[in-house]
Amino acid sequence: MLVKLGPLDTDRTADLRPYFDSVPDPRARRGRWYSLTAILLVCACAVVSGAKTIDELAEWGQRASNALLTVIGIRRHLLRWRRTPSPATIGRVLGAVDGNALDRAVGAYLADRHRAATEPAQAAPLPSASGRPRVIAVDGKALKGSARLTATRRHLLSAVTHGTVVTLAQVEVGAKTNETTHFRPLLAPLDLTGTVVTFDALHSVKANISWLVKTKKAHYIAVIKTNRPTAHGQLAALPWRGIPVQHTASGTGHGRRESRSIKTCGIADELGGIAFPHARLAIRVHRRRKQTGQRETRESVYAVTSLDAHQTDPADLADLATAIRGHWGVENSSHHIRDVTFAEDISTIHAGTAPRAMATLRNLAIGVLKTLGADNIAKTTRAIRDEPQRALPILGITNEPDTYGT
């Protein structure tokens, strides 16, 4: 699995340490022995190696050699030994760290890694290497194990790239609010000019969509389900029977055969449009799925986009269908890995900001491994666990001891 990652180009692999340096230390200056960057690096290396709990984070440091601890920045005692942070120290730091600052640091790092991996020949960061616009999904996830009798489960809202899955931004949704109020704070730091943002109808708040289109200069594709009855009814009532199929695709895998056909219909403003802000094009994706040994199922999925009809020629229709499908693919490419490989849903970490910090570290591990070409995160993390020294180069840090952070 490590061979698949290939040689790590230090010129294109950003060093994680300066990004962690930007996170403010929540501890009092008196009594500090470990720098915050050193503690976060131990945690990051451990999660890249498959660590799931705070005890496992500390165990990675216990297995690391003195040379690795020197590179990370663990200070040397007067008796010349180096001791890794204990589980109690790591737990206190993760529970007190500024979650917003940590997410910004990790998001900036992953954005640089994603840009280097997908746009090596592009000076501008917006279009992908293939000339197609970048596509970002906005999706939420609950941390089920973080709930307690006196507190509800934590809920996070993330902006995740399609294709090579990287979490560019993440915010925590409070117990007394909902995702829609965090839509703008999540996307505000990102340069979205020319980017296509996908989301479900939950975020179809007129003010948010207008801000996305007018202020951020982005386009959107919103999947409309029955929880938006007005817009869904208007889309279903369009004259789809008289519109020819414009694109088809089929495939097999995982014991099923699936085919998809796509139709589009321009939405005329002078005819009243659709009850959705800045909608220019309606999309219907008809899916037929046949699971082995079961009856065939059929489903029609409706979506709207701010892209005009003249911006979507026949060659772009496949991209529209891929973007719609890719929005739900985030569940498999990110959330499923966090739950199955890193056991996030059954994690009982709950103190302070620790649940969010652990989710951020998991996003970091998944993002860096995906940008390096890992197609099986579970196997890759197990391989790195057996060779702890491999974690540092993956995070852009050479294994040559230096005085950084000491």
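## Buried residues

A residue counts as buried when its relative accessible area is under 20%. The model described here is predicted. In this model, both Y19 and Y109 are buried. F183 and F199 are buried as well.

C43 has a relative accessibility of 0%, so C43 counts as buried. C265 has a relative accessibility of 14%, and therefore C265 also counts as buried.

## Aromatic pairs

The structure has 4 aromatic pairs. One of them joins Y19 and Y109 in an edge-to-face arrangement, with 5.1 Å from centre to centre and 75° between the planes. Y19 belongs to helix 2 (residues 17-21) and Y109 to helix 7 (residues 99-118), so this pair ties together parts that are 90 residues apart in sequence.

Another edge-to-face pair is formed by F183 and F199, whose centres are 5.6 Å apart and whose planes make an angle of 80°. F183 is in helix 8 (residues 183-187), while F199 is in strand 4 (residues 196-200). The two residues are 16 residues apart, and their pair links distant parts of the chain. Ring pairs also bring in Y220, giving a cluster of F183, F199 and Y220.

## Cysteines and disulfides

A disulfide is a covalent bond between the sulfur atoms of two cysteines. The structure holds 0 disulfides. C43, for example, is in no disulfide. Why does C43 have no such partner? The nearest cysteine sulfur belongs to C45 and is 9.4 Å away, whereas a disulfide needs two cysteine sulfur atoms within 2.5 Å.

Notes. Residues numbered from 1 in each chain as written. Predicted model: local features only at pLDDT ≥ 70, side-chain atom pairs only at ≥ 80, totals over all residues. Heavy atoms only, no water. Buried < 20%, exposed > 50% of the residue type's maximum accessible area, 1.4 Å probe, protein only. Phe/Tyr/Trp six-rings, centres within 6.5 Å; stacked < 30°, edge-to-face > 60°. Helix = DSSP H or I, 4+ residues; strand = E, 2+ residues; numbered from the N terminus.
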